[in-house]
Amino acid sequence: MIMSIAITAFSSPQSGKDKNKDVKDDFKYLTEQFADSKILRYQVPGFEELSLKQKELVYYLSQAALCGRDITYDQNYKSNLLIRTTLEAIYRDYTGDRNSGDYKNFVVYLKRVWFCNGIHHHYSTDKFLPEFSQEYFATLVKNTRSESLPLAKGQGKEQFLAEVSPLLFDPAVAPKRVSLDPKNDLVLSSASNFYDGVNQKEAEAFYAGMKKKARKNKQDTLVSFGLNSKLVKENGKIVEKTYKVGGLYTRCIEQIVMWLEKASAVTETPEQNEAVNKLVAYYRSGDLATWDEYNIAWVKDQHSLVDFINGFIEVYGDPMAMKGSWESIVNFKDVEATKRTEILSRNAQYFEDISPVSPEFKKKKVKGVTAKVITVAQLGGESDPTTPIGINLPNANWIRKEYGSKSVTMDNITNAYDQAAKGNGFLDEFAFSKEEIDRAGEYGHLAGNLTTDLHECLGHGSGQLKKGVGPDSLKNYHSTIEEARADLFALYFIKDPVLEKFGLVPNDEVAKAEYDSYIRNGLMTQLVRIHPGKTIEESHMRDRALIAHWVYEKGLDDKTIEMITRDGKTYFKINDYRALREKFGELLKIVQRITSEGDYNAAKELVEAYAVQVDPALHKEVLERYKKLNIAPYTGFINPEYTLVRNGETVTDVKITYPDDFAAQMLSYSKKFSFLPVR
Ligand code: ZN
């Protein structure tokens, strides 16, 4: 599970300072802004200190991470590759005035497509429309060489335009990538490319039948059914097209396997070697039982410095929460910072035992919750260019229960956020008092990182499902409830006196800083990500709105949180931090019960009541205040680039460089890593 991208970052004078000597102080983080997005670079402190073998491992894994880029585009929407290829052809061939307003708008649109891996907003999942006309697009296509364009066989430019224009300009074509509105057929109303010719009922029946059959034949019923396939109807029959060598996406997967095999030769430990080889075996067979074996091997690999994820993993892109989106993140451990999370992991059972959850829903034995702070070296697939800041994997509940999970926080990424947010005016605008601003300045970075640690290494791993309750019983509410559960665990425990005893926080101000920022964000500032008139859709945003609105409402009588209007501006002020903590605990108890019992109706009631609707007046106000600050709410990253240095056949070093041109990196990826057919 992911912990989403960082909430709209605030200025934090304290940097998450890296002590490594290869960190540059004058590093340029922010490179550009367009539409609602900004592009940052991130440093990879500690890379130079890795051994040659470790550097080589990072290199091979980084190549594997880039080879699945096309898969992400195709999974997001079936025509994304066609669109990207067309736009890039226009961009490369263009000889006209690059400063004309129309052309600039065209470039912004192309950058947004790169940023979102397709034509739908990566966060809201709404289709975004070009800010140039269809006529202008026609002129661009006509001025582009036919051999550059992805024309179908025998297709002229007019026919091509008739095919492609509606994909870009017609708001009714594929309006939403992931629709979670239960009034509609979730599958048919979503543009994501996991189902073809199949509706929600058919998909549900298909997988219910598959599980029943497995049970009857005494086969493995724990595998993540449907995770690595597209469900299609062929000649009236519903079949799975599996992502594997020789199956769907074979051209990408063959490349990934080729790099993984090179990585296998330079692994650090036998456990890591086992994990890499299992992953290769899984990509070859497409067998989900092997995927589980890989995940177990991966969890057991605890002593390697370099680590990575690579596969069809998170299910947020599928409205049915079954199909995995492809992604990869390559990283290595930040040994110094990991001491913080090790304290949490070591005490996982302690936290579980004292949590406010009903005893019957607690894990009797929390196993191997390991957490580490990592330095990201490469982002790929769904995690590139926009990335989460914390992950906890594997997702299969039974593996987490029996073997534990690995949880990570990405310190060099959060550091890039914080550095780029310095002095952007956000806090001055939205925080109620100077006290809050100062607290955020002093403790914000630590509070944010610690919350992520608690969320990932304790929150997701906590609690247990009642016997017979499947992980998908909350359906479209699953992700929101799961994220809320992990957030509440973190919010409850960040104010536990034990953290001070463990030496993790200097005082209670850290928790207060987190509460200030969480409530401000959940009730107000996250609305900057929503267009006027829209409701909240994305799971992490829903989770935050749910929690903030629930505790606000329950504390109305005692004014636990107070809404204050000053000079026509709205603020939220926390009057009683202790009472607020108790309310987080109460809600955690409720949410854990819903999860453990798979209580769909209760989940629906809670989410629909607190997490979806937006107060239009407050929304308007927040958007206006935010607009004046000229901050882009979404962040994408430019990856570093790695080059092998050779002496003859022997690799002697791996060089790292930090490019600063987003478009150039995207074009070079498209050139080097386009493996899937456009049509
Ligand atoms: Zn999470």
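## About the model

This is a predicted model, in which local features need pLDDT of at least 70, side-chain atom pairs count only at pLDDT 80 or more, and totals for chains, interfaces and linings use all residues. Residues are numbered from 1 along each chain as its sequence is written, and side-chain values use heavy atoms, with hydrogens and water left out.

Which residues of α23 are buried? They are L618, H619, E621, V622, R625 and Y626 (buried means under 20% relative accessible area, exposed over 50%, and partly exposed in between, using a 1.4 Å probe and protein chains only). Seen down the axis of α23, these buried residues fall within an arc of 165°, so they line one face of the helix; the arc is that of the directions from the helix axis to the C-beta atoms. The face turned away from the buried side carries the exposed residues P616, A617, K620, K627 and K628. The buried residues of α23 pack against α15 (426-430), α19 and β12 (569-574).

## Helix ends

Just after α23, N630 takes a positive phi of about 55°.

Now look at helix α24, residues 662-672, where the buried residues are F662, A663, Q665, M666, L667, Y669 and S670. At the start of α24, a side-chain oxygen of D661 reaches to within 3.1 Å of the backbone nitrogen of A663.

## Where α17 meets α19

The axes of helix α17 (residues 478-494) and helix α19 (residues 509-523) come within 9 Å and cross at roughly 140°. Axes are lines fitted to C-alpha atoms, for helices over the stretch in contact, and angles run from 0 to 180 degrees between N-to-C directions. On the α17 side the contact (heavy atoms within 4.5 Å) is made by D487, L491, Y492 and I494, and on the α19 side by V510, A511, E514, Y515 and Y518. These residues divide into seven nonpolar, no polar and two charged. Ala, Val, Leu, Ile, Met, Phe, Trp, Tyr, Cys and Pro count as nonpolar, Asp, Glu, Lys and Arg as charged, and the others, Gly among them, as polar.

## Loops worth a look

Two cis peptide bonds can be found in loops. The bond from D384 to P385 is cis, with omega near 0°, and P385 is in the loop between β8 (369-381) and β9 (390-393). Another cis bond joins L393 and P394, with omega about 0°; P394 lies in the loop between β9 and α13 (397-403).

Is N117 buried or exposed? N117 is buried, with a relative accessible area of 6%. This residue has a positive phi of about 50° although it is not a glycine, and it lies in the loop between α4 (101-116) and α5 (134-142). Leaving aside residues up to four places away in sequence, N117 touches T72, Y73, N76, N80, G381, D384 and P385. N117 and E382 are 265 residues apart in sequence and 7.6 Å apart in space, C-alpha to C-alpha. D567 also has a positive phi of about 50° without being a glycine, but D567 counts as exposed, at 76% relative accessibility.

Technical notes: Helices (H or I, at least four residues) and strands (E, at least two) are DSSP runs, numbered from the N terminus. A polar contact is a pair of N or O atoms within 3.5 Å; within protein, one must be able to donate a hydrogen and the other to accept it, and residues adjacent in sequence count only if both atoms are side-chain atoms.
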